Amino acid sequence: MNTKLVYRSEVLTKKSIKLVRVHSRVTFKNNGYTLVESMIALGVLIVTSFVITLLFTHLQKQPQSVQSEETALFFSMIGKEIREAATVEVRNNALFILLPTGEMVSFTRYHSLIRKQVNGLGHEVWVQNIQDMKVEEIENQHVYVTLTDQDGKQARRSYRRIHHE
C-alpha cells in the first residue's frame with residue numbers, strides 16, 4: 001500500500017496568506033514480489049552456493065593424513081626416549097630402553113597399536129592402525145625402526161646410539 005501526499009495551495013485573502021492543504025490518496029501496486037517468486041529466488045541461491053562450495057573443496061590443499069602425522073610424532077618422541085636412555089636393547093622385535101632412573105620402558109606392537117609400557121605396566125598407545133613394526137639393531141650402534149601402516153606404506157627411521165659413560 002502506497003500513500004501519496006498532494007500539496008495544494010490556495011490564496012485566501014488579498015494579503016497573500018497561503019493555506020496549505022494536504023490530501024492523501026491510497027494506491028495499490030501490483031508489481032511486488034510474491035511468495036512463489038521469493039521461494040524460487042531462495043532455491044536458486046541455495047543451489048548456487050552448494051555448487052560453489054563443491055568447486056572450492058577440490059581447490060583446497062589436501063592435508064597430510066593423520067597416520068603420517070602420528071607416525072612422525074612417534075619417531076620424534078622415541079628419538080627423545082633413546083637419547084635420554086642409559087641403555088637400549090632390541091629383543092623379539094621390541095625396543096627396551098633403560099632410563100637413568102632405573103625404569104624399563106618397552107615399545108611393542110599390540111594388535112594394530114604401538115604401545116609403551118613402563119616396568120611391564122600400563123598401556124600407553126603411541127601409534128594406531130599399524131600393520132607391522134620392525135625394530136633392528138645394527139652393530140650395537142644404530143637402531144632402525146620401521147612402521148608399516150594398514151595401507152602398506154612404510155616409514156623408517158634410524159637412531160644412533162650414544163653411549164653414556
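In the hairpin formed by strand 8 and strand 9, where 3 residues lie between the strands, Glu139 adopts a positive phi near 50°. Strands (E, at least two residues) and helices (H or I, at least four) are DSSP runs numbered from the N terminus. The model is predicted: local features need pLDDT of at least 70, side-chain atom pairs count only at pLDDT 80 or more, and totals for chains, interfaces and linings use all residues. Residues are numbered from 1 along each chain as its sequence is written, and side-chain values use heavy atoms, with hydrogens and water left out.

Strand 8 and strand 9 run antiparallel and are joined by 8 bridges; here Ile130 has Asp149 in strand 9 as its bridge partner. Strand 9 (residues 142-149) pairs with strand 10 in the antiparallel sense over 7 bridges, and Thr146 has Arg156 in strand 10 as its bridge partner.

Glu136 is partly exposed at 24% relative accessibility, and Arg156 is partly exposed with a relative accessible area of 49%. Buried means under 20% relative accessible area, exposed over 50%, and partly exposed in between (1.4 Å probe, protein chains only).

Among the other salt bridges is that of Lys116 with Glu81, where the closest N and O atoms are 3.3 Å apart. This pair links distant parts of the chain, with Lys116 in strand 6 (residues 113-118) and Glu81 in helix 2, 35 residues apart. Both Lys116 and Glu81 are buried. Lys80 forms a salt bridge with Glu84, with the closest N and O atoms 3.4 Å apart. Lys80 is partly exposed, with a relative accessible area of 36%, and Glu84 is partly exposed at 40% relative accessibility.

The structure holds 4 aromatic pairs. Rings of Phe, Tyr and Trp (its six-membered ring) pair if their centres lie within 6.5 Å; planes under 30 degrees apart count as stacked, over 60 as edge-to-face and the rest as tilted. Phe74 and Phe75 form a tilted pair, 5.7 Å centre to centre with 50° between the planes. Phe74 is buried, with a relative accessible area of 2%, and Phe75 is buried at 3%. Phe74 also pairs edge-to-face with Trp126, at 6.2 Å centre to centre and 85° between the planes. The latter pair links distant parts of the chain, 52 residues apart: Phe74 in helix 2 (residues 66-83) and Trp126 in strand 7 (residues 121-127). Trp126 counts as buried at 14% relative accessibility. One aromatic cluster is formed by Phe74, Phe75, Phe107 and Trp126.

Strand 3 (residues 87-91) and strand 4 run antiparallel and are joined by 5 bridges. Val90 has Leu95 in strand 4 as its bridge partner. In their hairpin, with 2 residues between the strands, Asn92 takes a positive phi near 50°. Strand 4 (residues 94-98) is mostly covered, with 4 of its 5 residues buried. Strand 4 also pairs with strand 5 (residues 104-110) in the antiparallel sense over 4 bridges, and Ile97 stands opposite Val105 in strand 5. The hairpin of strand 4 and strand 5 has 5 residues between them, and Gly102 in the turn has a positive phi of about 95°.

Definitions and conventions:
Pairing = 2+ DSSP bridges. Salt bridge = Lys/Arg side-chain N within 4 Å of Asp/Glu carboxyl O.
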